[in-house]
Structures are given as C-alpha cells and as structure tokens.
Amino acid sequence: MSITVKDIAASLGAEAFGDVSISITGVAEPAMAGASDLALAMKPAFAKGLPDGQAQVAMLWAGADWQALGLKAAIVAPRPRFAMAGLSAMMDAGQGYAAGIHPSAIVDVRAKLGADVTIGPLAVISAGAVIGDGSVIGPQCFIGADASLGQGCFLREGVKIGARVTIGDRFIAQPGATVGGDGFSFVTPEVSNVEQMRDTLGDAGEAKAQSYARIHSLGSVSVGDDVEIGANACIDCGTVRDTRVGNGVKIDNLAQIGHNVEVGNDTLICAQVGIAGSTRIGHNVVLGGQTGVSDNIFIGDHVITGGATKVLANVPAGRVMLGYPAMKMETHVEAYKGLRRLPRLFRDVAALKKAVLNADGND
C-alpha cells in the first residue's frame, strides 16, 4: 500500500506541508520509522525520537516547526488522535481473508447471503440466517438459526452468534466473541440462602442444601448499528425479552453483558467489565476496566466509572464514580486520603496518651 502525503491529508481533513508528493507505505513510532513511514509524533515528547529513526514525514501537533525537526514534509491535524482513526483505517492491511465462500464452509441452503459476502474456512451458517451485503465471516465462525447480520459486518476468527440474534450494520467482533449464549439464570425450589441474605442484608438464616433448576433463555439479543465487541467478550440472551445493545456501543475484551441488560447508545465498556442481569445502562456511559455492576439497577446518561469500581445502587446521570462501593470520585479520593492518614493519626494519639499519662504520674 502506497499513498502520498497530499492524499492522506485530504482524506483526514488535515493540512500538509513540504513535499506532499512523498509516498507513504506505513506508520511507525518516530524512533522506529523507516524512510517511507509516516512517523506519529503528535506531541513534543514523541518528536524527541525522530532523530533516532529515518522518517521524512511525520504527523505533528498544531504549531509544530516541522522544518526544525529535519523533516521533508508534515501532516498537521487539529485533533491528531482523532485523525488516527481515519489514518489507521486507511493503512490497515486487514486479515488476509480471501473473498468468496471457502469450500470448507458449511452454508445451509435456507440461509440468505447478500452481495459480496465472504465466508472463511470451517465457518457454519445455519438455516434461516441472513447476512447483509459486504459482510465478512471469518474462519471457524458460527451463525445460529434465524440470526440476522446487517451490511458491512466483520467477524474475526471463532466468533459465535446464537440463534435469533439480530445485529445491525457495520458490526465488528474480535476473535472468540460470543453473542447469544444463554443467561445465567437458576432458581431453587424454596427461598435460597442468597435470596434470604439479600433480603436481610447479611443473615442467611439456617443453611439448606438445595439444587438449582435452570431457567431457559427464551429471548435473544438485539444489537444496533456500528457496535464493536472485543475478544472473548460475551452478551447473554434475555430470559423472555431480548438483551439490547444500542447504536455505537464499544465493548472491550473479556467483558460480560448479562441477560436482559439494556445498554444505551455510544456507551464504552472497557475490559473485564461485568454487568449483571436486568440492569439498564444509559447513553454515552463509560465503564472503566473491571467495573462490576449489580443486577436490576440503573446507570444514567454520561456516567463514568473508574477502574475496578463496583456499582451496587442506581447512579444518577452525569456522575463520575469510583471505589467499592461506588461513590462520587471526589468523595472517594477524600476518603482514601483520610485512610492514608490513619497511621499518623494513631501515632499522634498514642503520643498524646503517653504524654497525658506521664503528666498524671508526675502529679
């Protein structure tokens, strides 16, 4: 792949300076860049590595003196990191999947494939499945009965889509992702110790040995447009109604979305987040890595949780939360500062106690 500096800048809506006819074949960190690479020196600190590499062209921050940096050309975008989205898409070499349907793939005669669909080796497309135009189904993927994928979807290796799952356009799933596994729903013949404990806030009563009966998932999963799900992440089916994921949601690796959960548009769910069943997540929410969310609660629009936050109760819109249990970030920080001061406080109290006791003894 080769593209000129001029064409890159035009595609990104950025400014180009110097010899814009230079051809670029890749991108690299400044110190590792070759002569045909575009060096990513989007901050002054990054530019310090330019002398160690061979880059002739770099993407720089606004106002950078590209000539003083010894470059022959430069690309400057108002928001360089946002420009990276377009640049990375432009330079992505892809996964090398061959076009068309691989001979080893199994496609049921009752499945419906749109135009220009690619299906990789050992993939299985079940009866009644519908796959939209231009979609790519990677090697060893499974598409369940009556599942539906929109246009321009891209499934990496080993993705599993369950029966009756509905997915919109431009869906991306990384290796091993699963959409449409059964929900984690079990019940005991009598009130269980867990139910008793939740009602009494700690007293489980007399423990009784009971076996669990499985509640089947009669619902499925509905996913909107422009959703991405990371490697080995899972979205469970609903018990009766569908689990729902809105438009533009991005889910990182190893995240778990439980049964009946509703996720609003443009929400970001980072790695190892777990959302328990029947919880509702608002629009434009960010759940930091390892955030845990209890069942049957609501998180409002624009909420942000820090890493490892445990949300056990409803969170109003716009809050920034941290800690276990989750509290306002500024409150958590003050509480943590107080915790760190405790050893010094104990020492001071001990010294005061000793001084008082000594004073009593002298009297």
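Here are some notes on this predicted model, point by point.

1. **Ground rules.** Because this is a predicted model, local features need pLDDT of at least 70 and side-chain atom pairs count only at pLDDT 80 or more, while totals for chains, interfaces and linings use all residues. Residues are numbered from 1 along each chain as its sequence is written, and side-chain values use heavy atoms, with hydrogens and water left out.

2. Start with helix α1, residues 5-12. Helices here are DSSP runs of H or I with at least four residues, strands are runs of E with at least two, and both are numbered from the N terminus. Val5, Ile8, Ala9 and Leu12 of α1 are buried. Buried means under 20% relative accessible area, exposed means over 50%, and partly exposed is in between (1.4 Å probe, protein chains only). Looking down the axis of α1, you'll find its buried residues within an arc of 95 degrees, so they line one face of the helix. That arc is taken from the directions from the helix axis to the C-beta atoms. Over on the other side of α1, Lys6, Ala10 and Ser11 are exposed.

3. **What covers that face, and what comes next.** The cover over the buried residues of α1 includes the strands β1 (3-4), β2 (15-18), β3 (23-24), β6 (57-60) and β7 (73-76), along with helix α3 (80-91).

4. **Two aspartates to look at.** Asp116 isn't a glycine, yet its phi is positive, about 60 degrees. You'll find Asp116 in the loop between β9 (112-113) and β10 (118-119), and it is exposed, at 70% relative accessible area. Asp146 also has a positive phi, near 60 degrees, without being a glycine. Its loop runs between β14 (142-143) and β15 (148-149), and Asp146 is partly exposed at 47%.

5. **A cis bond.** Check the peptide bond from Tyr324 to Pro325: it is cis, with omega near -5 degrees. Pro325 sits in the loop between β38 (320-322) and β39 (327-328).

6. **A buried glycine.** Gly306 belongs to the loop between β36 (304-305) and β37 (310-311). With 14% relative accessibility, Gly306 counts as buried. Contact means heavy atoms within 4.5 Å; setting aside neighbours within four places in sequence, Gly306 is in contact with Gly288, Thr291, Met321 and Leu322.

7. **A greasy spot outside.** Phe184, Phe186 and Tyr212 make a nonpolar surface patch of about 410 Å². Phe184 is in the loop between β20 (178-181) and β21 (186-187), and it is exposed at 69% relative accessible area. (Patches use residues with over 30% relative accessible area and no salt bridge, joining like charges within 9 Å and nonpolar side chains, meaning Val, Leu, Ile, Met, Phe, Trp and Tyr, within 5 Å. A salt bridge is a Lys or Arg side-chain nitrogen within 4 Å of an Asp or Glu carboxyl oxygen. Areas come from the Shrake-Rupley method with a 1.4 Å probe, and for residues, only the protein chains shown count as cover.)

8. For Cys270, the nearest is that of Cys234, 17 Å away. Cys234 is partly exposed at 26%, and Cys270 is partly exposed at 21%.

Methods: A disulfide is a pair of cysteine sulfur atoms within 2.5 Å.
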